[in-house]
Amino acid sequence: MSIGECSMASQPSSPTSDELAPAVDSQALGDIRLPAEDSGAITAQAPVQVRHSRLTLNRSGYRLRSIDCPSKALVLGFDSQIRVETSDPAENQHTDDGDSSAATVHAVAGIVQLEQYSYALVVTDSRTRGTVGGWAIYEATSVCALPLDYASGKLALQGILREQNRTSEPSPAMPRKSFSTGDVAGLATSQLASGGGALDGDEDGGFKWLSPQITRIFRQSRDSTASEPESSGIAEPESARRKTSASLERMELRVLDEIIRVLSSSGIFYSYDCDLTRSLQAKGGLAAGNENALLASVADRDYWFNWHLQRLLLDSGASEWALPLVQGCAQIAQYQIAQSDSLQVCVLSRRNCRRIGTRYERRGVDADGYAANFVETEQIMVLEASDLPLHYASFVQTRGSMPFFWKQPASGLHPAPIVTGEIADNAVACARHLNHEIERLGRQTLVNLVEHKGREAIVGSTYASLVGHCVSDEMIDARMVRYVPWDFHHETRGMRYDNLQQLVDQLRREIADMGYFWYSDGQMLTIQQGAFRINCMDCLDRTNVVQSALARYVINEQLVRMGVHAAPEQGLAAYPGLESTLNHVWANNGDYISRQYAGTSAMKGDFTRTGRRNFSGMVNDATYSLTRLWINTFRDYFSQSVLDFIMGNHKAGAVFRTLVELRSHEPSHIQQLTRVREAAIRTSVAIAVNDDERVQLACVVQSPVALDTLKTSSAADSVLILTDAAVYVCSYCDQKEKVTEFIRVGLAALVGIQYGAYITDTRTPQGLDPARNHGIVLRFSSYSAQSQSEATNGEQLHFVACKLVAEAQVVMQNTGEEAAAPELARVERLEIQAPDLLTECLCSAVLSLKLTTGDTSSQFIADAPIISAAAAKQEKTLLDKMANRLHSALWI
């Protein structure tokens, strides 16, 4: 058996602007061909996209053997090794013999690495949404997590086999959407407390309407932590480790639960043959440029939802199994124009992954100009006539949050938006976003549907002024942008939704100028030169209504242009049922996008489906508003954090903290925090340190900045500064950007240093990890002029405690020659160290400086816990313990 040859670059590059907007060149047109019927044929010489695989298990790992190309298999080893093997197909029946039967895998979604365990995510069930020009599009409906451990993996594989062997009538005891996470929960628990099997779905089968957090209360009534009574004394180390491990495992399963929910029930689509991350025009036609090209080599990373999850596959040369998934919508409908003529309509939406998120957690843009809830929607029409070759026409529109820095706290039904950042910064971000879209799609027509009065006018007027500012300052080409404000609620008040035609009439010139993509018989006949960028507050309900109206107008123009329209003056009404078909396709598209961003179906869906607004639709909208309020308040912060983890913006520890803090952070949170802390060090050095002292080392800590106190009253940052004469502990207020107080301890007064575990938060496993929670205690005499022996014999000693921060640490030192004018520079080799190692470095530095001032005792440095995990738990009050248990039951 030999290793297969399928090496691939680990980071496939995004398409260039030339690829995204191809010019109509006669020579190039001749090279573009529609895929043949047998384009899926397997050739042994070239790498081909793996479709279905057979999953087996042995002691060394999982083997996924391609069903279409049995000579190739992907091996996911329990030793963290990933490789592709090739073998003689005749020998496969022997090589695949494992400890259990083979299961069918539709796709490998990726590999997720948490704190304790790693999992392979595989699509075990999907449904066909339809075909476009012969390419099938699928929606993932069931995803399973395979633990990279033999005992647990065996149980997980048995769960998949049970599900795949089940009859068409599913058992209510184990709902399809949760079978994999339930099995994983049971099998992972067995790794800690032997004997635990898979959780029985009967326990919570009657509470399916509850949230996952509330449902977990009923499922975990026999949880290990609940079964262990609280000890009156300090827990034994082994017992504490078991409880910490169990707590960490519950958090991992909570995160894994959410990852599987996102991948299996939030509109995840894929195709084995067609690159869904790019439009037809971006690909120069329906083919992906090469019929045998791996999708991983051509996919656009901006819309490749699981790119980060598949990096290990890409780095290991297993690109044939790396199938790009797209979050969005794929709706396909067939319409018979005549006896031998048919029309196929596909609405394909792809969500941009750069600033992906949920409603109130992600608004505006980031510093790179990527907008929240940015979705590219492509309406594809395929005309099949008996006397004509196939005709493909596509029309692309985009939606996205208004491109500047703003936020909207989730408080109440109608919270007021807040514009953040300076005008200059907002203009730069807005220009970056618009220039990127101009480069991708051409001239941008910005249709803003927010209200012109009230709370929405706060951001609506800012958007208008920023576009004008960018144009006047030549940050964007004035010829490539048109801003169109249209107050949707005002124009359609009194349920006068027929007034939408006024907006369409207003934009007819723009539609004619931008055109659409038209491809037939191997040639691009026209290309789209521009796009509508439409937004409201959420870019959901109003946006979808307007986009569907424009799409209906364009498809009517396409039918006329192709010469098959029966009565152009009648519009789509000339085809009975066609307009209704388009309405339902677009309404479904709106529901998918809305559920991904806001958690409910789209509002105003009754108008999108029927062309009329009615009272029942208004009642449904009111229900959706209340549901969105509950979801945005109690669930979105965690969903947002998990999405950032899937995208690679956060580590697992950050997601776990979300369960405790009940709030998420922006992907740029660490960078912003680092800048704030660097400024804190510079300010503290300038304010507190004496001019004749030279800064040896400075870092960020958490400290009560009070004598003889260990407990910190808040998590606010402080700064620890070590000079050649003293140690400073400075309390810094980042909001006021000033030092509020500081303590100076002369080196001559130091009598000892203690370093060790400094546990202040017992709510998370990370908070109980001594390596991440380390600090130092400086013990000193109250009279700095006295010697160490005199202080220890008669004078009162004091101490000041400091706990090093575990993330976004900043360490600086003076690299200049003058002490009075320090040139502070960051010491990155120390910043990347864990807090326990950094405390040892600090102690060594203090000892070196102390030795220059006089003798020190052999016990000057003591390695002992400052606050151990057991002591921290024991010091908790009964009210704190009750609050922690309730929090854990509800959210973890």
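Which residues of α11 are buried? They are E456, A457, V459, G460, T462, Y463, L466, V467 and C470, where buried means under 20% relative accessible area, exposed over 50% and partly exposed in between, with a 1.4 Å probe and protein chains only.

1. Basis. This is a predicted model, in which local features need pLDDT of at least 70 and side-chain atom pairs count only at pLDDT 80 or more, while totals for chains, interfaces and linings use all residues. Residues are numbered from 1 along each chain as its sequence is written, and side-chain values use heavy atoms, with hydrogens and water left out.

2. Overall content. The chain has 26 helices and 31 strands; these are DSSP runs numbered from the N terminus, with helices being H or I of at least four residues and strands E of at least two. Of its 892 residues, 55% count as buried. Contact means heavy atoms within 4.5 Å. Among contacts between residues at least 6 apart in sequence, 68% join residues at least 24 apart.

3. Helix α11. This helix covers residues 456-472, 17 residues in all, and reaches 25 Å from its first C-alpha to its last, close to the 24 Å expected at 1.5 Å a residue. The expected span of a helix is 1.5 Å times one less than its number of residues. After α11 comes E474, with a positive phi near 60°.

4. α10 against α11. Two packed helices are described by the angle between their axes and the distance between the axes. The axes of α10 (residues 423-441) and α11 come within 9 Å and cross at roughly 80°. That makes α10 roughly perpendicular to α11. Axes are lines fitted to C-alpha atoms, for helices over the stretch in contact, and angles run from 0 to 180 degrees between N-to-C directions; angles under 35 degrees count as roughly parallel, over 145 as roughly antiparallel, 65 to 115 as roughly perpendicular and the rest as oblique. From α10 the contact takes in I423, N426, A427, C430 and A431, and from α11 L466, H469 and C470. By class these residues are 6 nonpolar, 2 polar and no charged. Ala, Val, Leu, Ile, Met, Phe, Trp, Tyr, Cys and Pro count as nonpolar, Asp, Glu, Lys and Arg as charged, and the others, Gly among them, as polar.

5. α19 against α20. Helix α19 (residues 636-647) packs on helix α20 (residues 652-661) at an angle of about 180°, with the axes 9 Å apart. The two are therefore roughly antiparallel. Y637, F638, S641, V642 and F645 of α19 meet A652, A654, V655, T658 and L659 of α20. Here the contact has 8 nonpolar, 2 polar and no charged residues.

6. Helix α15. The 21 residues of α15 (residues 541-561) should span 30 Å at 1.5 Å a residue, and the end C-alpha atoms are 31 Å apart, which agrees. Of these 21 residues, 18 are buried, so α15 is mostly covered. Just after the helix, G563 takes a positive phi of about 80°.

7. The loop between β12 and β13. G369 is placed in this loop, between β12 (342-351) and β13 (375-384), and counts as buried at 5% relative accessibility. Beyond neighbours within four places in sequence, G369 is in contact with A429, R432 and H433. A372 lies in the loop between β12 and β13 too, and is buried with a relative accessible area of 0%. The C-alpha atoms of A372 and R355, 17 residues apart along the chain, are 5.1 Å from each other. Not counting residues up to four places away, A372 touches R355, R362, R363, G364, G400, S401 and Y597.

8. E376. This residue lies in strand β13 and counts as buried at 3% relative accessibility. The E376 side chain makes polar contacts with the side chains of R350 (2.5 Å) and R440 (2.8 Å). A polar contact is a pair of N or O atoms within 3.5 Å; within protein, one must be able to donate a hydrogen and the other to accept it, and residues adjacent in sequence count only if both atoms are side-chain atoms.

9. E831. Found in helix α23 (residues 828-831), E831 is buried, with a relative accessible area of 13%. A polar contact of 2.9 Å joins its side chain to that of R826.
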